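Please read the chain below with its fold in view.

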Amino acid sequence: MTDPAPRNDRPRDVDGPHHVVDDRPPNGSRGRARQPDRGEPAPLAVLGLGAMGTALARTWLAAGHPTTVWNRTRARAEPLVAEGATLADTAAEAVAATPLIVVCLLDDASVGAALADAELAGRDLVNLTTGSPAQARARAAWAHERGARYLDGGIMAVPPMVGSSPTRGYVFYSGSRALFDDRGRTLAVPLDPRYVGADPGLAALHDVALLSAMTGMFAGISHAFALIRAAGVPARPFAPLLVEWLRAMATSASATAEHLDSGDYTTGVMSNLAMQVAGNATLLRTAAELGVDAELLTPYMAAMQRRLADGHADEGVTGVIDQLLS
Ligand SMILES: NC(=O)c1ccc[n+]([C@@H]2O[C@H](COP(=O)([O-])OP(=O)(O)OC[C@H]3O[C@@H](n4cnc5c(N)ncnc54)[C@H](OP(=O)(O)O)[C@@H]3O)[C@@H](O)[C@H]2O)c1
């Protein structure tokens with residue numbers, strides 16, 4: 001049996017704003033006393049054996065954690081059972097089996113449906129299902145009312161990045177700090193844990209912010225390839241150029257953060273808004289020449305245009321953020 005020991009003895013802590021403290025003991029402390037993870041690999045239950053839940057459960061199993069599994073479609077659990085997992089017939093049975101419950105289902109509604117009949121008092125519920133910040137806060141309150149400690153997680157990985165992969169990913173966690181500290185050793189087995197604050201919505205916020213940035217990047221990549229393809233240029237030699245350029249440009253996020261936190265949007269600006277808006281005309285002209293629809297670019301360009309019209313020619317593009325918030 002391999003032991004993909006956590007890279008760090010202690011989970012990473014990313015300081016974030018703490019809007020809500022969710023670290024009180026659960027109602028009435030109905031559950032039995034929880035023991036922090038020490039010594040032997042701790043038992044846990046994994047609910048949801050889709051692509052991600054299966055990868056997580058498999059990694060805990062391989063690391064020697066007694067792992068109870070449940071999935072709505074039972075057949076998906078069979079390979080893990082063959083590898084040593086214990087099958088629970090129902091989600092409630094899985095919850096009853098161990099103090100630590102990891103949930104990785106499709107969406108928040110499926111979490112509510114799966115756990116409707118489960119007795120959560122005294123349990124530690126770690127929800128790795130993607131959701132919004134408000135859904136995470138509501139789910140935390142829901143779990144707390146039922147006597148469970150709650151940690152929300154946003155997985156920054158695809159299944160091949162789970163475990164000892166060279167491209168190992170991580171999870172943003174928020175919610176109960178006590179749960180995070182007590183279970184950190186176990187949580188660090190499949191993916192590196194990064195705690196972002198006591199407000200249970202913060203993990204989802206960080207997750208969705210990164211996914212949103214990725215979505216915009218994919219939009220740009222799609223447009224770039226459309227131009228290349230429309231011109232009959234092969235895609236393969238172009239790809240490394242695109243990757244190199246995006247990597248270099250991505251570092252501008254640090255300057256944007258400086259601008260936002262200082263309130264001065266002009267210091268260090270090398271490509272001012274007036275110049276960039278003028279350049280947009282060339283981007284649109286080229287798309288038109290090649291017969292490429294610029295629909296993925298134009299909303300962003302319109303926001304830049306509005307900021308310029310408000311008299312911010314000397315800024316870079318940081319002011320677009322204010323446009324989105326106004
Ligand atoms: N895959 C990724 O790359 C990735 C990356 C980061 C985060 N995530 C997040 O991880 C979560 C799981 O993703 P996945 O890739 O494992 O998805 P998936 O392969 O589509 O699996 C979905 C899981 O949810 C279960 N499910 C759906 N509706 C249900 C319901 N009403 N009641 C009970 N169970 C229900 C499915 O059960 P059945 O087998 O019975 O259908 C299955 O176990 C999602 O929130 C996803 O956003 C995934």
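A residue is called buried if 20 or more other C-beta atoms lie within 10 Å of its own, exposed if 12 or fewer do, and partly exposed in between, with C-beta atoms placed from the backbone. This is a predicted model, in which local features need pLDDT of at least 70 and side-chain atom pairs count only at pLDDT 80 or more, while totals for chains, interfaces and linings use all residues. Residues are numbered from 1 along each chain as its sequence is written.

Helices (H or I, at least four residues) and strands (E, at least two) are DSSP runs, numbered from the N terminus. The chain has twelve helices and nine strands, and 38% of its 326 residues are buried.

Helix α1 is largely enclosed by the rest of the structure, because ten of its twelve residues are buried. Among them are Met52, Leu56, Arg58 and Trp60. The cover over the buried residues of α1 includes β2 (44-47), β3 (67-70), α2 (78-82), β5 (100-103) and β7 (149-156). Just after α1, Gly64 takes a positive phi of about 90°.

Which helices each supply at least two residues of the shell around the ligand? They are α1 (51-62) and α4 (108-114). Of the 21 residues around the ligand, Gly50, Arg72, Thr73, Ser110 and Thr130 come nearest.

How values were computed: Near = placed C-beta within 6 Å. Contact = placed C-beta atoms within 7 Å.
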